[in-house]
Amino acid sequence: MANRCLGCKREIERDLQTCYICGASQSYVRYYIKSVFVVLVLISIFSGFGYWYIDKTIKVAQTNTARLTETKTQTALQKVQQSQVQFQLQLEQANKKALQAEAKATQAGELAAQLTVKLDEAEKKITEAEKKVTETEKRAGWLLKLNRQLKAQVKTLTDKASATEQELLLNKENQQEPAVSPIESPISPTESPEPENNSSD
């Protein structure tokens, strides 16, 4: 029964230890040991290269990580410093505003005190003015009463003067009339003279 060569894959006799065509050993151990050795060598080489590459990659990664960490740290520190500077500026501005507010409050207090003084003065002036108005009203009432009394007295005096003037006129008229004697009278004894009506206006 024929067997195939492990190397050239041609049919050879089963009991042959080497192929008479290609010279390949027909023992699996002998035939594959070289391949296994080569594979082990290649695996070792690739393992060494892989270890070197992985180590280099790890070192590069560590370096990059360190650089990135340092960069981030520096950036964070810069941001922290900027934040501190901004905080200081804001704190200074807040202090300035607080001082300005305190100054304005002081000014407002002074103005309030001045206004209070002025209001007190105005109240005093208003009170004095009210007193003067009250006194003036009292004086005006007294003057009005006095005026009424004077008008009444003037009217009384005017009436008296009119009455006196009328009496004087009557007296003058009575004094100017002549006395009539009975001899010179042209009127007969039977005729009586008409009485004079002396009416006072």
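**Exercise 1. How many helices and strands does the protein have, and in what order do the elements run from the N terminus on?**

Solution. The model is a predicted one, and its secondary structure consists of one helix and two strands. Read from the N terminus on, the elements follow the order β-β-α. The helix, α1, spans residues 28-176.

**Exercise 2. Describe the burial, the contacts and the accessible surface of the protein.**

Solution. Begin with burial: of the 201 residues in the protein, 4% are buried. Next, take the contacts between residues at least 6 apart in sequence, among which 10% join residues at least 24 apart. Finally, the accessible surface comes to about 18600 Å², and carbon and sulfur atoms account for 58% of that area.

**Exercise 3. Find the salt bridge, and place its two partners in the structure.**

Solution. The count of salt bridges comes to one, and the side chains that meet in this salt bridge are those of Lys59 and Asp55, with an N to O distance of 3.3 Å.

**Exercise 4. Which aromatic rings pair, and how is each pair classified?**

Solution. A pair of aromatic rings is described by the distance of the centres and the angle of the planes. The count of aromatic pairs comes to two. In one of them, Phe49 and Trp52 lie 5.6 Å centre to centre with 35 degrees between the planes, and the pair is tilted. These two residues are three residues apart in helix α1, so about one helical turn separates them. Phe49 and Tyr53 form a pair that is stacked, with 6.3 Å centre to centre and 20 degrees between the planes; they are four residues apart in helix α1, and therefore about one helical turn separates them. Together, Phe49, Trp52 and Tyr53 form one aromatic cluster.

**Exercise 5. Which residues form the nonpolar patch on the surface?**

Solution. The patch is formed by Phe37, Val38, Val41, Leu42, Ile45 and Phe46, which together have about 580 Å² of accessible area. One of these residues, Val38, is placed in helix α1, and at 44% relative accessibility Val38 counts as partly exposed.

Notes:
Residues numbered from 1 in each chain as written. Predicted model: local features only at pLDDT ≥ 70, side-chain atom pairs only at ≥ 80, totals over all residues. Heavy atoms only, no water. Salt bridge = Lys/Arg side-chain N within 4 Å of Asp/Glu carboxyl O. Patch = residues over 30% accessible without salt bridge, like charges linked within 9 Å, V, L, I, M, F, W, Y side chains within 5 Å. Areas by Shrake-Rupley, 256 points an atom, 1.4 Å probe, with all protein chains shown as cover. Buried < 20%, exposed > 50% of the residue type's maximum accessible area, 1.4 Å probe, protein only. Contact = heavy atoms within 4.5 Å. Phe/Tyr/Trp six-rings, centres within 6.5 Å; stacked < 30°, edge-to-face > 60°.
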